[in-house]
Amino acid sequence: MKETKLGEFEEVLLLLVGILGEEAYSFKVAEEFESQTKREVSIGAVHSTLNRLEEKGFLESEMGQATAERGGRRKRIYTITASGQRALETSRDFRVSLWSQFPAFATGKVNFG
Amino acid sequence: MKKRRHIPPPLAERLLQRVLRDDLAEEVLGDLEEKFYATVEQKSARKAKLNYWYQVVNYLRPFAIRKSRLKNSNTQAMLQHYIKISWRSVSRQKAFSSIKIGGFAMGIAACLLIALFVRHELSYDTFYQDQGAIYRMTNQWKEGGEVGRWTNLQGPLKTVIEENVPEVDLVARTVLWSWGNAGSNLVRKTESNFNIDEDGFFYADPELLSILEIKMVHGTREDALAEPNRMVISQTIADKYFSDENPVGQQMVLNDNPEDTYTVGGVMEDFPLNSHLQGDFILTLFGRKSGPGTSGWCCTNYVFYTKLKPGADPGATEQKLLQVRDTYVMDQLRTAGKAGLNEMQEHHSYYLQPIADVYLNSAEVNDNSQHGSLDLVWIFGAIAGIILLLACVNFVNLSTARSIQRAKEVGLRKVVGSVRSDLIVQYLSESVVFCTIAIFLALIMATIALPFFNSLAGKSLDMPWFEWWFAPSLLALALTIGILSGLYPAIYLSKFNPSEVLRGVKGAGKNTSFMRSGMVVFQFAVTVILIISAIVCQEQFRLIMNKSLGYDKEQVINILGLNTLDSAKKVALKNEILSVPDVSFATVSDFLPVDGGATHNRNYWLAEERLLNNGFEAARWTVDEDYLDAFGMTLVEGQNFSGMTSDRFNIIINESMAKQLALQEPVGAEVIDMFDEKYKVIGVVKDFYFESVLGTVEPLAMVYGTGDEVLSLSVRSADIKNTLTALSAVWEGFVPNQSFKFAFLNQRFEQMYGALTRARTLFMTFAVLSIVIACLGLFALSAYMVERRGKEVGIRKILGASVSGIAALLAFDFMQLVLVAVFLAIPIGWLLMDAFLGDINNRVELSWGLFAIAGLSAIVIALATISIETLKAALTNPVEKLRSE
């Protein structure tokens with residue numbers, strides 16, 4: 001069985017795919033990643049991770065429309081699967097549970113300024 | 001479709017199409033093209049092309065690369081085969097291989113560490129944006145082909161430069177020596193009353209922040225120091241004192257003196273480790289009313305930093321400065337009563353020292369800063385190279401020594417159809433494999449050894465795991481060393497004639513033994529030289545530590561931080577402390593005969609010669625009547641300060657100053673200084689070293705007066721712990737709001753020679769390392785030889801040879817080589833050490849005994865290494881060896 005844990009980068013990409021919807025293909029995901037996180041990333045790195053997420057069954061993909069700015073080539077559009085959704089929720093619930101055990105946070109004393 | 005002007009780089013596109021899986025080609029090329037045009041729009045065509053290449057390179061990932069191309073290819077199959085064979089030959093002879101790889105790894109690890117060190121030393125002050133425009137301004141004195149340079153300049157020169165030298169964009173003065181509050185101080189926040197001892201204070205003009213591009217966390221470079229009594233503190237200090245508030249605008253009091261209250265004007269990032277300038281508190285020189293910042297043309301108290309305008313030529317600027325000096329400065333100096341101005345006109349000029357040169361100080365500028373040593377960088381570079389060479393030599397040696405084992409393999413391969421070039425490739429790839437394993441091992445070793453190395457070298461280096469160049473350069477290293485050290489064995493092995501080796505005619509190659517002998521000689525020669533270096537450093541260190549200094553460094557304890565007490569309290573404290581048992585004398589002063597004490601130099605003349613010449617420079621110490629006794633210094637003539645003679649116009653001079661004055665009878669002579677103060681000499685103190693023992697004792701004049709900062713005690717105690725507790729208790733009673741801080745004088749003294757101590761330890765470490773590498777090689781060689789001569793040994797024993805006779809016979813060959821190495825190494829070591837020590841004072845004698853020790857220890861170690869195998873061979877039952885036919 002494939003590893004079903006989500007890495008940080010994987011989790012972010014999975015969320016970005018969800019956010020982008022119909023526009024979720026490697027180039028757009030990479031662009032969105034850079035603009036949201038202010039971190040540089042290569043399309044290759046994104047593509048390889050999307051590919052891995054697909055192998056794990058968190059994403060599925062199909063070839064979409066061809067457009068002029070890509071030299072008339074089609075793009076691969078990714079969509080989140082049900083198990084991808086579940087993985088995201090598990091990951092979020094885990095964080096939330098950790099946060100709620102953090103005493104400073106629970107009493108509202110923590111200061112993020 | 002719109003016509004496009006720019007297209008993605010075709011070469012990159014073709015490359016991608018070649019390596020990419022076919023089913024991915026469409027989407028990937030599409031994505032990259034979209035990215036390309038987006039980048040053209042947002043940035044530039046050039047950026048877009050570069051980015052395209054970057055993206056293509058980033059697609060070289062396992063998931064995306066087509067696999068079919070390389071499958072079933074003959075080259076790949078052969079490569080796999082070679083690697084498999086290498087692995088088999090490694091695992092067949094585990095001990096031999098682990099010596100081969102382990103020795104190699106050790107060498108590489110040592111090299112890595114040294115490379116890190118050298119890189120760090122070379123990286124000082126190379127991180128500025130305007131790198132080429134930042135200079136330190138220094139004086140230059142050219143006379144008779146000799147050039148001397150030093151930093152200190154007159155304060156008012158700043159304004160003169162600003163007004164008259166248009167090439168200069170900014171200029172700032174700094175006070176980096178212990179004047180005013182520069183150096184260390186007791187600090188407290190205004191609302192607290194507990195004083196804490198902090199180091200790293202210096203004064204600077206506000207412009208310094210911009211010149212040195214100091215990164216500000218709070219406040220701006222322009223404003224942070226631009227008002228009187230402002231200071232900038234480092235991030236570390238800000239976190240320590242103002243962890244929960246904004247430090248800007250807060251006040252801090254220095255030395256419990258309300259007049260020395262400073263307002264924090266800004267917080268800077270800590271100085272990078274590779275900046276020559278270090279410090280945590282920058283006090284402003286702006287608007288000061290006394291002390292630092294106010295001195296006039298009389299005195300040279302400031303180190304100047306400057307940033308030139310873009311495009312300004314430093315050479316031309318130096319000329320301009322010289323003109324400015326002649327038109328504006330000379331008159332001022334004349335008014336200030338400077339002598340020797342004509343000489344100055346002739347020989348003096350200015351030199352702009354690029355900021356990156358300050359740390360290693362290739363221009364040999366005399367200053368107060370910490371410097372790395374360019375020599376040390378070279379020496380270490382050389383040692384790294386040599387150790388790597390030793391490791392490679394071992395590798396070559398061991399590979400060829402075992403050639404007999406591989407000879408049949410070579411013969412068979414040739415019969416089956418291998419050509420020579422194939423065999424060379426095979427052995428090269430084998431040594432690259434070895435090398436890669438060795439480098440991995442080396443990385444592990446280096447990481448483990450790094451903390452020790454750091455404490456040896458006095459640095460805090462890190463492994464640069466995540467630097468972009470690290471992995472590629474390791475890879476390059478593996479390839480280069482692998483190929484270099486594999487070349488000779490590869491050529492040698494591939495030369496075998498198949499018909500001979502398969503018949504078993506060809507022996508283990510007599511013709512390689514010369515080469516092997518040469519290598520053993522080389523290894524041991526290097527080892528002996530390193531041992532000599534380590535011993536010489538050790539002896540030099542011992543000589544310094546046991547040198548009679550003219551004062552008693554073993555008996556003195558210094559209590560620090562008295563500057564917060566008023567003078568009445570100081571006297572009271574001193575008296576109270578004198579009542580502690582075992583304390584015989586106590587003196588409060590600011591001058592210690594070790595580094596880190598204050599220094600004030602003035603020029604002196606005999607009173608009647610004041611206007612005749614330049615006089616000579618002498619240190620000027622203010623001490624009281626107990627000083628000489630507390631430090632155990634002896635008067636050779638005249639008397640000490642006491643009662644009648646405790647007058648500020650009486651001085652005690654040292655023998656060196658008496659010599660300078662050239663008087664038969666120094667006591668009673670009248671001396672005058674550059675401020676026209678007249679003194680009468682009342683005593684002559686025996687010369688004592690107050691600067692480095694490696695230099696000479698300079699002239700020194702002691703004036704009567706009370707000190708401020710350090711209470712020095714002469715203590716003769718059997719139980720020093722008890723005495724310290726007693727002292728601490730007295731201190732607590734007097735100054736409850738400040739912790740008791742003390743230092744033994746002999747510790748301070750040892751710290752002065754830290755560079756030498758470190759050189760000693762490093763030489764020692766590397767000597768041991770090179771011995772280990774050389775011995776590993778020797779061990780493996782002797783093991784091999786014993787194996788080869790096993791039958792001979794057996795027959796000799798049967799015919800009646802004794803155990804010791806056989807052991808001697810086997811050891812003889814190697815010991816010959818080691819002896820040759822020792823005799824080669826001794827003269828080389830002598831020359832090297834002679835140059836290394838140079839013309840320092842109190843130099844250790846390079847005696848024969850020292851070289852004999854180095855040579856003997858190498859011989860003994862070598863003998864021990866060889867005898868493990870030879871004895872084993874000599875003791876085996878001959879039947880064991882002869883039976884196996």
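In this predicted model, 19 residues of chain B are in contact with 18 residues of chain A. On the chain B side, helix 2 (22-42) and helix 3 (45-58) each supply at least two of the residues that touch chain A. Helix 2 of chain B gives the most to that side, with 11 residues. By type, the residues of chain B that touch chain A divide into 9 nonpolar, 3 polar and 7 charged.

Next comes the backbone of chain B. Most residues other than glycine have a negative phi. Which way does phi point at Asp582(B), positive or negative? Asp582(B) has a positive phi, about 75°, although this residue is not a glycine. To find Asp582(B), look in the loop of chain B that runs between helix 17 (567-578) and strand 16 (583-589). Asp582(B) has 16 other C-beta atoms within 10 Å, and it therefore counts as partly exposed, since a buried residue needs 20 or more and an exposed one has 12 or fewer.

Asn842(B) also has a positive phi, of about 55°, and is likewise not a glycine. Where in chain B does Asn842(B) lie? Asn842(B) is part of the loop that joins helix 24 (803-837) and helix 25 (848-875) of chain B. Is Asn842(B) buried, exposed or partly exposed? There are 14 other C-beta atoms within 10 Å of Asn842(B), so this residue is partly exposed.

Note on methods. Residues are numbered from 1 along each chain as its sequence is written. Chains are lettered from A and ligands numbered from 1 in the order in which they are written. This is a predicted model: local features need pLDDT of at least 70, side-chain atom pairs count only at pLDDT 80 or more; totals for chains, interfaces and linings use all residues. Helices (H or I, at least four residues) and strands (E, at least two) are DSSP runs, numbered from the N terminus. Two residues are in contact if their C-beta atoms, placed from the backbone, lie within 7 Å. Ala, Val, Leu, Ile, Met, Phe, Trp, Tyr, Cys and Pro count as nonpolar, Asp, Glu, Lys and Arg as charged, and the others, Gly among them, as polar.
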